[in-house]
Amino acid sequence: MSITLSEAESRRVVAGHGVPVSPFVTGTSTDEVIAAVATDDTVAYPVVAKLCGRAIAHKTERGLVRLRLGDEDALRQACDDLLAAARPDDGDVEVLVSTMVDGNRELIAGLNDDPQFGLTIMVGVGGILAEAIRDVTFRLVPISEVDAAEMIDDLGTQRLLDEFRGEPAVDRAALIEALVALAAVGEQEAGVRSIDLNPLIIVEGKPVAVDALVELDEAAAEVSR
């Protein structure tokens with residue numbers, strides 16, 4: 001049996017290995033969230049607020065995400081609404097507040113513990129083009145920087161990695177570093193079943209994960225609490 005960590009827990013796990021994630025804070029009450037944002041210089045308005053917990057799998061479908069909150073009043077109202085929307089079967093919940101980041105290009109990356117091949121790592125084109133194009137590439141873990149570079153070169157939509165709509169080309173070194181860090185999570189954390197970084201938005205050329213989900217063996221998930 002496996003357990004999917006909350007988004008906040010998942011972000012902490014991958015960020016601890018060097019995977020770039022958008023700056024964020026969390027709190028279990030509106031006042032706690034407001035205080036956390038006010039005292040953390042890395043989180044800046046506009047922000048996104050999400051209700052997250054281990055039992056919440058589909059935040060967007062349940063309306064548990066608030067985007068482009070421009071000031072403290074808007075964030076306070078969003079926190080009140082999100083916490084009020086929690087259901088008993090959600091278990092422990094908290095509000096995650098993250099700096100809103102924008103970019104015209106989205107990638108997707110992940111790990112999977114395949115019963116036949118073991119840990120595999122994937123990177124591909126994400127966002128609205130993901131299902132239409134299905135441009136993804138895989139490698140067995142562990143990977144080297146050379147392996148990560150080859151994965152990027154294997155993607156068919158190379159033009160998306162060049163200068164795009166006035167944005168700089170994707171910083172391949174930064175993307176390589178992110179993929180090697182993602183592979184390290186699977187190598188160094190016990191009981192990893194899967195990891196999804198979706199989307200991995202390209203911001204000023206560099207990849208930034210704005211959502212993360214880590215699935216662990218039940219025993220490993222309990223240790224991570």
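What follows is a short exchange about a predicted model.

Biologist: How many helices and strands does the chain have?
Modeller: This model is predicted. Its secondary structure holds both kinds of element. The tally is seven helices and 11 strands.

Biologist: Why is the chain called as compact as a globular protein of its length?
Modeller: The globule rule gives 17 Å for 225 residues. The chain comes close to that, so it is as compact as a globular protein of that length. Its radius of gyration is 18 Å.

Biologist: What share of the contacts with a separation of 6 or more joins residues 24 or more positions apart?
Modeller: Buried here means under 20% relative accessible area, and 46% of the 225 residues count as buried. Contacts are a separate count. For residues 24 or more positions apart, the share is 63%.

Biologist: Which element gives the largest share of the largest nonpolar core?
Modeller: That core has 41 residues. Elements giving two or more residues to it include helix H1 (7–15), strand E9 (192–203) and helix H6 (172–188). Leu 179 and Leu 182 are among the residues with the most contacts inside the core. With seven residues, the largest share comes from H6.

Biologist: Which residues does Leu 197 contact, leaving aside neighbours within four places in sequence?
Modeller: Leu 197 is among the residues with the most contacts inside the largest core. Contact means heavy atoms within 4.5 Å. By that cut-off, its partners are Val 14, Val 19, Leu 107, Ile 108, Ala 109, Leu 182, Ala 209, Asp 211 and Ala 212.

Biologist: How far apart are the mean positions of the positive and negative charges?
Modeller: The chain carries 19 positive and 41 negative charges. Their mean positions are separated by 4 Å.

Notes
Residues are numbered from 1 along each chain as its sequence is written. This is a predicted model: local features need pLDDT of at least 70, side-chain atom pairs count only at pLDDT 80 or more; totals for chains, interfaces and linings use all residues. Side-chain values use heavy atoms; hydrogens and water are left out. Helices (H or I, at least four residues) and strands (E, at least two) are DSSP runs, numbered from the N terminus. The radius of gyration is taken over C-alpha atoms; the globule rule is 2.2 Å times the number of residues to the power 0.38. Buried means under 20% relative accessible area, exposed over 50%, partly exposed in between (1.4 Å probe, protein chains only). Lys and Arg count as positive and Asp and Glu as negative; His and the chain ends are not counted. The place of a charge is taken as NZ of Lys, CZ of Arg, CG of Asp or CD of Glu. A nonpolar core is a set of buried Ala, Val, Leu, Ile, Met, Phe, Trp, Tyr and Cys residues joined through side-chain atoms within 4.5 Å.
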